Amino acid sequence: MTLSEGGSVVSLLAVRSLTKLFGDFAACNGIDLDIAPGEIHALLGENGAGKSTLVKMLFGVLQPSAGQILWNGAPVTVGSPGEARTLGVGMVFQHFSLFEALTVAENIALSLDPKISLARISEEAAALSKAYGLPLDPKAHVADLSVGERQRIEIVRALLQNPKLIILDEPTSVLTPQEADRLFETLFKLKAEGRSVLYISHRLEEVRRICDRATVLRHGKVTGACDPKQETPASLARMMVGSDVAEVHRDQGAKLGDVQVEVSNLSVPSRTPFAMSLKDISLKVRAGEVLAIAGVAGNGQGELFDALSGEYPVAEDGAIRIRGKAVGKTGINGRRLLGAGFVPEERHGHAAVSAMPLSDNLLLARSRSDRKAFLSAGFASVIRRDAIASATKRICEVMDVRKSGEDPLAGSLSGGNLQKFIVGRELDRQPSVLVVNQPTWGVDAGAASRIRQALIDLAKAGSAVIVISQDLDEIFEVATNIAVISEGRLSEPHPAGTLTLERIGLLMGGIHESHSISQTAASASEVSHAH
Amino acid sequence: MRIELQRRPKVSKLFSVLSPLMALVLTLIAGVIMFGLMGIDPIKAMDVYFVEPLTDIWSLHELAVKAAPLILIGVGLSICYRSNNWNIGAEGQFTIGAITGSILPVLYPNWHSWAILPLMMVMGAVGGALYAAIPALLKARFNTNEILTSLMLVYIAGLFLDWLVRGPWRDPKGYNFPVTTSFQPEAVLPEIISSGRAHWGFVFAIVAAVALWFMMRFMLKGFEVSVLGQSERAGRFAGFSGRRMIWFAMLLSGALAGLAGISEVSGSIGHLQPSISPGYGFTAIIVAFLGRLNPLGIIASGLVLALTYLGGEAAQLSIGISDKVSRVFQGLLLFFVLSCDTLIHYRIRLIFSGRPTTEGKS
């Protein structure tokens with residue numbers, strides 16, 4: 001099946017030095033890509049590697065800053081999704097665009113010519129779904145359907161336009177293994193008909209199983225083009241994660257103290273169809289330790305944070321212990337009173353209220369833990385503005401928060417400065433436990449290093465720190481130990497010094513500890529046999 | 001062509017303050033145009049409507065009588081709306097408060113004691129709160145839309161009152177009129193000063209407004225209301241419970257509406273009858289927004305809206321136009337308040353040609 005590089009077959013879709021700039025930032029930087037007729041082509045890469053940007057340009061959602069798109073050898077401009085569909089490109093997005101209150105047929109009709117009758121659409125959709133093994137009832141209401149069934153609607157909707165190329169963005173990230181198997185069968189049928197599939201994923205095993213060729217992106221550039229069946233998961237992971245990252249280690253001299261946070265066999269069912277459930281998570285963090293939890297977005301990081309912070313207490317009281325005390329059923333303020341601090345991922349509307357000034361946002365996190373300092377005694381709980389104002393000032397000075405005015409609205413600060421304030425708000429309490437989710441997501445480099453340094457310093461001073469992050473550079477910079485979260489499961493922690501990027505990449509791709517990975521390529525290929 | 005609202009990068013502070021005044025002026029202008037179209041001398045009509053009621057002591061008392069329930073309900077609603085709970089059923093809570101507050105004077109007309117009045121007020125507030133507890137329970141437990149449930153309960157309350165005064169609570173000596181017996185003197189809310197009808201309900205309203213202003217401005221509870229109203233997730237992070245806030249806001253606004261109901265019946269009507277409110281519970285929604293959801297602002301806006309009721313009555317008498325005109329004024333006022341607020345936050349853009357359409361040439 002493999003086509004030799006530069007083979008005689010004219011590519012269905014070819015991309016030549018395609019570039020997309022957002023300001024100075026190149027989300028895609030000179031990308032070349034060839035998709036032959038009748039192949040399943042994988043697009044691999046970490047979050048932020050530029051996969052989505054590339055695909056949006058192919059589907060006409062974004063316009064390229066430079067470069068060319070060739071369709072059957074002829075240059076084309078894809079001005080809108082409508083033009084992409086006319087060309088013969090269909091797309092199934094990661095996040096579905098369906099109206100829950102409408103039926104399957106009505107949802108499909110919305111993307112088609114309004115002149116076609118609903119009855120005809122139902123008929124065609126039913127026929128298509130049967131032909132491709134995508135069982136679907138056109139009369140069912142979307143609200144009643146599972147995530148897998150919703151994805152089928154999107155696929156049928158794309159197929160109704162009779163596309164030559166179908167783009168699937170992380171299709172299995174929302175599917176159970178069984179649903180994923182069915183999807184693969186459908187993809188093989190499409191391939192047998194001579195249609196091409198562009199398959200976006202970060203799951204190495206899947207890509208090796210179903211894809212004919214793979215293009216790997218990293219930091220907006222192509223870092224490899226290969227036949228995934230000829231590669232090992234390890235070599236794919238290396239291409240994906242890159243080997244040019246400096247392997248920074250923390251000085252290991254620091255002595256670790258008592259266990260401050262202990263999670264044992266924590267399982268949490270998912271709250272919504274799109275959320276991840278947590279499965280049997282155990283971890284221990286000692287005083288002086290930074291435990292970094294790596295993983296690709298959407299693998300349960302947010303859910304783990306919610307459980308650790310107590311925003312959503314868990315059923316089993318003993319599953320989470322902070323400083324020896326069972327707190328599973330205790331809310332966030334009860335855990336704060338034990339000396340814990342929390343920094344959520346989302347700054348606006350979670351860690352801070354954008355339309356409130358910084359001083360109010362200080363009170364937001366500390367109204368209970370600093371009750372004595374910030375509120376008057378007694379029933380009325382009158383807010384002591386002067387005490388809060390001086391604490392706000394202190395935090396801004398320590399963390400070098402650049403702001404306009406004395407007490408500006410949180411929403412008026414840049415992402416980096418607001419994040420420094422949010423982290424500083426917790427550090428100011430000198431917490432003995434700090435849990436941080438994505439500490440430097442969308443933060444400029446200067447603020448990021450300031451925040452990372454603060455986390456290291458906090459651990460050095462004897463606190464236990466948990467950092468949940470997708471940024472591997474960051475993880476190697478701050479971590480004492482590293483564990484990886486994938487599909488709601490947490491791997492064993494490893495001392496940061498013993499881990500390589502390659503192994504982390506393997507763990508992130510969903511290959512679990514039980515398969516006993518070692519670092520050599522030879523045993524990595526054994527892993528692939530195990531599957 | 002289509003019209004788009006684009007968020008303004010910066011909101012003008014000056015216009016945020018001026019917006020209610022601009023809405024008032026626009027309402028008056030629209031009123032002048034309306035009267036002109038009806039063939040009535042606009043100057044005279046506006047004079048009858050908005051000036052005359054303010055010129056003698058008697059009508060100033062009437063103003064306080066009408067403003068009392070509007071302010072009392074409005075401040076309760078403002079807390080509700082600030083916390084992102086949309087109680088639209090204050091009219092029903094007002095009615096039920098009037099009924100539960102009237103239990104003692106209706107069933108024990110011969111009980112003469114000073115204790116009856118405080119008990120009536122408490123029972124009215126409790127009744128209103130319990131009635132608001134229904135949509136609160138439905139929202140907190142089943143995530144039901146409180147706008148719909150609270151609104152529908154208004155009609156149930158109204159029909160229940162109608163049935164009571166035509167059936168079990170009808171005055172046997174009332175010549176078959178659908179009214180209860182008149183309350184004994186001890187059960188009537190007294191006037192504040194002897195020069196007119198204004199009763200203690202107005203004092204309740206001012207006290208409630210000032211107390212809630214203090215809470216919103218200085219107390220942790222007020223902070224909790226604002227945080228949960230703006231972002232439930234941030235509220236959860238702060239350790240505040242969105243569910244408990246539903247209960248707090250709904251019960252508080254229900255209790256104040258219930259207190260307004262029994263104050264109105266006890267202080268101004270003196271018995272129960274099928275209709276006890278010219279729509280105070282709905283007009284209070286306008287009052288709350290015109291006062292920018294600020295309890296002190298609501299005192300002012302409550303007086304303004306009370307004036308539209310009073311002017312409506314005066315205009316009916318002296319120039320013979322329907323009192324429905326006061327409803328028109330109230331509607332115009334709400335419309336202009338909301339549009340001024342929208343235009344402060346957004347600018348309107350007309351877009352004449354869309355992006356390339358999605359229809360292909362195939």
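Predicted model: local features only at pLDDT ≥ 70, side-chain atom pairs only at ≥ 80, totals over all residues.

Visitor: How many cavities of 30 Å³ or more does the structure hold?
Guide: There are two cavities of that volume.

Visitor: Which residues are closest to the centre of the largest cavity?
Guide: Eleven residues line the largest cavity, and G148(A), Q151(A), R152(A), E179(A) and L183(A) are the closest to its centre. Helix 5 (147-159) and helix 6 (177-192) of chain A each give two or more residues to the lining.

Visitor: And how do the residues of that lining divide?
Guide: Four are nonpolar, four are polar and three are charged.

Visitor: Turning to the backbone, what is phi of N72(A)?
Guide: Phi of N72(A) is near 50°, a positive value in a residue that is not glycine. Most residues other than glycine have a negative phi. N72(A) is in the loop between strand 4 (66-71) and strand 5 (74-76) of chain A.

Visitor: What about D400(A), and where does it lie?
Guide: D400(A), also not a glycine, has a positive phi of about 55°. It lies in the loop between helix 13 (385-398) and helix 14 (415-427) of chain A.

Visitor: Is E502(A) buried or exposed?
Guide: E502(A) is buried, because its relative accessible area is 18% and the cut-off for buried is under 20%. E502(A) belongs to helix 17 (residues 501-508) of chain A.

Visitor: What separates the C-alpha atoms of E502(A) and R238(A)?
Guide: The separation is 5.3 Å, although E502(A) and R238(A) are 264 residues apart along the chain.

Conventions:
Residues numbered from 1 in each chain as written. Chains lettered and ligands numbered in written order. Heavy atoms only, no water. Helix = DSSP H or I, 4+ residues; strand = E, 2+ residues; numbered from the N terminus. Buried < 20%, exposed > 50% of the residue type's maximum accessible area, 1.4 Å probe, protein only. 1 Å grid on protein atoms, 1.4 Å probe; cavity = no way out; pocket = protein on both sides within 12 Å on 5 of 7 lines; lining within 4 Å. Points joined across faces, edges and corners; volume = space filled by probe spheres on them. Nonpolar A, V, L, I, M, F, W, Y, C, P; charged D, E, K, R; others polar.
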